[in-house]
Amino acid sequence: MENFCQLNLVLVEPEIPQNTGNIARTCAATGARLHLVEPMGFKVDDAKLKRAGLDYWHMLDITYYPNLSAFFKRNDGPFFYFSTKAPRAYTEISYPNRVYLVFGKETAGLPEDLLRANLEHTVRLPMLAGARSLNLSNSVAVGAFEVLRQWGFPGMRKEGAL
């Protein structure tokens, strides 16, 4: 097993700048790489995006793609797709040392044809039957920290000062 671990968080057509800013802060705090697939519902210089990410922008490794095809041409996975339509929980996966967690836009999620073609790599966050979905930034954080937990939180401080 490799010692090097690389977590990649992928947002496909994000629509809400505050969510993307929060996710950028999660990436900065965890060392995850952020991949943004256009079109996005905001401009990267949006004040709401910057405010949500606070002063962490200099800590980001971020790549932009004009569309999903361009993303797949430049990256070779493995990919795990998060969706409320998935057949199993995100905790049922043993994540490899280099992984891409892929999340869809807030209003529609990921394309269903992509999910159907990758059912063995499509996962969900368990929720009560009446709940439609969790907030995107919360979902990304839950998925990211499960991967990091499985890896033993490499390079991260695990204890505080108390």
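**Entry 1: terms and overall picture**

For these notes I take helices (H or I, at least four residues) and strands (E, at least two) as DSSP runs, numbered from the N terminus. I am working on a predicted model.

I began with the inventory and found five helices and seven strands. Along the sequence I read the pattern β-α-β-α-β-α-β-β-β-α-β-α. The radius of gyration is 15 Å, close to the 15 Å of the globule rule for 162 residues, so the protein is as compact as a globular protein of that length. I then looked at the C-alpha trace, which spans about 45 × 40 × 35 Å along its principal axes.

Of the 162 residues, 43% count as buried. Among contacts with a separation of 6 or more, 75% come from residues 24 or more positions apart. I also looked up the accessible surface: it comes to about 8900 Å², with 53% belonging to carbon and sulfur atoms.

**Entry 2: the sheet**

In what order do the seven strands lie in the sheet? I traced an open sheet, β3-β2-β1-β6-β4-β7-β5, with parallel pairing. β3 (62-65) and β5 (88-89) stand at the edges with a single partner strand each, so one side of each has no neighbour in the sheet.

I next followed β1 (residues 6-12), which pairs with β6 (residues 98-103) in the parallel sense over six bridges. Within that pairing, leucine 11 has phenylalanine 103 of β6 as its bridge partner. Helix α1 (residues 17-30) packs on the sheet, where it touches β1 and β2 (33-37), and its direction makes about 155° with that of β2.

**Entry 3: β4 and its neighbours**

Are the faces of β4 covered or open? Both are covered: I find Phe79 and Tyr81 buried on one side, and Phe80 and Phe82 buried on the other. Four bridges join β4 to β6 in parallel, and two bridges join β4 to the parallel strand β7 (residues 122-124).

**Entry 4: helix α5**

I checked the length of α5 (residues 136-150): at 1.5 Å a residue its 15 residues should span 21 Å, and the end C-alpha atoms are 21 Å apart, so the two agree. The buried residues I listed for α5 include Leu136, Val140, Gly143, Ala144, Val147 and Leu148. Ser137, Ser139 and Glu146 are buried in α5 too. The cover over these buried residues includes β1, α1, β4 (79-82) and β6.

Most residues other than glycine have a negative phi, and most peptide bonds are trans. With that in mind I looked for exceptions.

Which residues does a cis peptide bond join in the loop regions? I found glutamate 38 and proline 39 joined this way, with omega about 0°; proline 39 sits in the loop between β2 and α2 (47-53). A cis bond also joins glycine 77 and proline 78, with omega about 10°, and proline 78 lies in the loop between α3 (68-74) and β4.

Then I turned to phi. Glutamate 13, in the loop between β1 and α1, has a positive phi of about 55° although it is not a glycine. Glutamate 13 is partly exposed, at a relative accessible area of 24%. Just after α5, glycine 152 takes a positive phi of about 80°. Phenylalanine 153, found in the segment after α5, also has a positive phi, near 55°. Phenylalanine 153 is partly exposed, with a relative accessible area of 26%.

Note on methods. Residues numbered from 1 in each chain as written. Predicted model: local features only at pLDDT ≥ 70, side-chain atom pairs only at ≥ 80, totals over all residues. Heavy atoms only, no water. Pairing = 2+ DSSP bridges. Contact = heavy atoms within 4.5 Å. Axes fitted to C-alpha atoms, helices over the stretch in contact; angles between N-to-C directions. Expected span 1.5 Å × (residues − 1). Buried < 20%, exposed > 50% of the residue type's maximum accessible area, 1.4 Å probe, protein only. Rg over C-alpha atoms; globule rule 2.2 N^0.38 Å. Areas by Shrake-Rupley, 256 points an atom, 1.4 Å probe, with all protein chains shown as cover.
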